[in-house]
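Reader: I am new to this structure. Please show it to me, and then let us take it part by part.

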Amino acid sequence: MRSTVRRLAALTLLSGLAVTAAGCGGGGGADAGSQAPRAAGAPGGTAVVGVTTDPDTLVPWKATQFQAVNVLQQLYGTLTEFDENLQVVPGLAESWQASSDGKQVTLKLRQGVKFADGSAFDATDVKYSLDKIKDEKTAAVSRTSLASVDQVTVSDPQTVVLQLKAADASLPANLATINMAMLSSDDTEEKLKTQPNGTGPFSFDKRTPSQSISLKKNADYWGPKAALDAVEFRVIPDENAIVSAMQAGNVQLSVINDPLVAKNAEGALRVTKTAQLNYHVLQLDARKGALTDVNVRLAMQCAIDRQQVLDTAALGEGEVTGPITSPAYKSDPNARPCPTRDLAKAKEYLAKAGKPQGVAVKTIVSQGEYATSVNEAQNLKAQLAEAGIDLQLEVLESGAFVKRWTSADFEAAVALNGGRPDPDGAYGRYFTSTGNLNKVAGYSSPELDALFAKGKATQDPAQRKEIYAEVSKQLEDNAAWIWTFTGYTYTATTSNVGGFKPMATGGLQFLRTTTVN
């Protein structure tokens, strides 16, 4: 209770500071008075989007932070895309066709597409991008999603052929993520760190580190042009302060993670609640310390009441989850050892591990990337303490957390990870022995390798569902991680915003259709 009082006091102070700072800024709200009124839904104007953290990278192949992904979605294009119902639709590839054996995929590219610098997009850029993502030296976070691709060849400027080692049912969905963005073959990663150059509906304008990133409409965008002239992502390091800035008219849109903040914003702002594929999880590195013993991991799993974590951290706004959140392959959270909290069983597992006096687990937690992280960590610590397990928390700012996380510099991590419509894209890079994020996952097995290979090669949806149910069982029975819950995002907009569509992925893809009157 004392920490809650301190937190609320700090939030009140931050809110006041943010309103003052936002009122002095030069963004959409400050300029609104000098603009002629526009009819409802008319194009033009600037939208200011409130974010709690400055993006940690502007290179799409490296982005794992939610704030970075949301900015990069505006700047870059992918070969396929997801529509608002998470169906795969054409992107920079207007069509694709697989051979009868599924081992060759031919992509037909759109004509007339340009990068922000005015250069033409063609098959050479696709080959360059896919080859670079596949190259281990690039350290692309979705490299494993192209593991089935043996060779990329250019037939003509508008045609690319992918030769696969085996049929890959997950490939069209995997190509839709921003980590698979198409880059110009003339660009270098070093250049793109400060001057993004994509084919998206917006192009990069300017950046003030730790304050804002400004984008402008891409007049040469291949699809329907963005309704807005510009978008500014403004960093305000607290969601209560963002709401205050919105009420003052200085910010027009924000995605809120904290349900209490969203509840308090209702009435003054329009708030839309959207269930997410993203999942809250206590990641465990099964290769470090006491966690190398599966019995210790199972003890932790049995000592946690997931509903209590959800109720404490997110006011019960969400649902307890298993590993796979993809709608067509969703895990049954009751199909796990200790589907409900069982302290006696937890202590049995500790005794079996030869640790009846308990264990200590060093755990990193982010502060700023999403709102519920610290409350989740504190509740998990309190629950595990009752089983003799000391969760030693180290709270880090978002950038430091991401750096530690991507380098696997932790024993455990309280995390919010992005879910995907296809489970291979969500977990193939984590839990296969050759997965490029397997170091971060801390667990793999021959059984999982075989299951993921089978899931990619199988086209029938019913059979794939059975395969990924077995993947889920393997992960739960071995307590690879401890999945807790899925929650909601709350899209807050001012009354003059129209045309925005929230997504279950948490993305801001539909800023391209947004208007501000």
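Reader: Which cysteines form a disulfide, their sulfur atoms 1.9 Å apart?
Author: This is a predicted model. The structure holds one disulfide. With sulfur atoms 1.9 Å apart, its partners are Cys-302 and Cys-338.

Reader: Is the link of Cys-302 and Cys-338 right-handed or left-handed?
Author: The angle about the S-S bond decides this. For Cys-302 and Cys-338 it is 80 degrees, and the link is right-handed.

Reader: How many residues apart in sequence are the parts that this pair ties together?
Author: Cys-302 lies in helix α9 (residues 294-302). Cys-338 sits in the loop between β14 (319-320) and α11 (343-352). The pair therefore ties together parts whose separation in sequence is 36 residues.

Reader: Which domains does the assignment give?
Author: Domain 1 is made of three segments, 45-75 + 200-269 + 494-516. Domain 2 covers 77-186. The assignment also gives 279-487, which is domain 3.

Reader: How many residues does domain 2 bring to its contact with domain 1?
Author: The C-alpha centres of domain 1 and domain 2 lie 26 Å apart. Domain 1 puts 20 residues into the contact. From domain 2 the number is 25 residues.

Reader: What area is buried between domain 1 and domain 2?
Author: The size of an interface is often given as the accessible area lost when the parts come together. Here carbon and sulfur atoms give 65% of that area. The total between domain 1 and domain 2 is about 1800 Å².

Reader: Which three residues supply 45% of the area that domain 1 buries against domain 2?
Author: No other three residues of domain 1 supply more of this area. They are Pro-60, Trp-61 and Trp-222.

Reader: Which side chain meets Arg-512 in a salt bridge?
Author: Between domain 1 and domain 2 the count is two salt bridges. Seven residue pairs across this interface are in polar contact. Arg-512 makes its salt bridge at 3.6 Å, N to O, and the partner is Glu-81.

Reader: Which helix gives the largest share of the side of domain 1 that touches domain 2?
Author: That side divides into 10 nonpolar, six polar and four charged residues. The largest share is three residues, and they come from helix α3 (residues 66-75).

Key:
Residues numbered from 1 in each chain as written. Predicted model: local features only at pLDDT ≥ 70, side-chain atom pairs only at ≥ 80, totals over all residues. Heavy atoms only, no water. Domains from an automatic or database assignment. Contact = heavy atoms within 4.5 Å. Buried area = accessible area lost by both parts, 1.4 Å probe. Salt bridge = Lys/Arg side-chain N within 4 Å of Asp/Glu carboxyl O. Polar contact = N/O pair within 3.5 Å; in protein donor to acceptor, adjacent residues only side chain to side chain. Helix = DSSP H or I, 4+ residues; strand = E, 2+ residues; numbered from the N terminus. Nonpolar A, V, L, I, M, F, W, Y, C, P; charged D, E, K, R; others polar. Disulfide = S-S within 2.5 Å.
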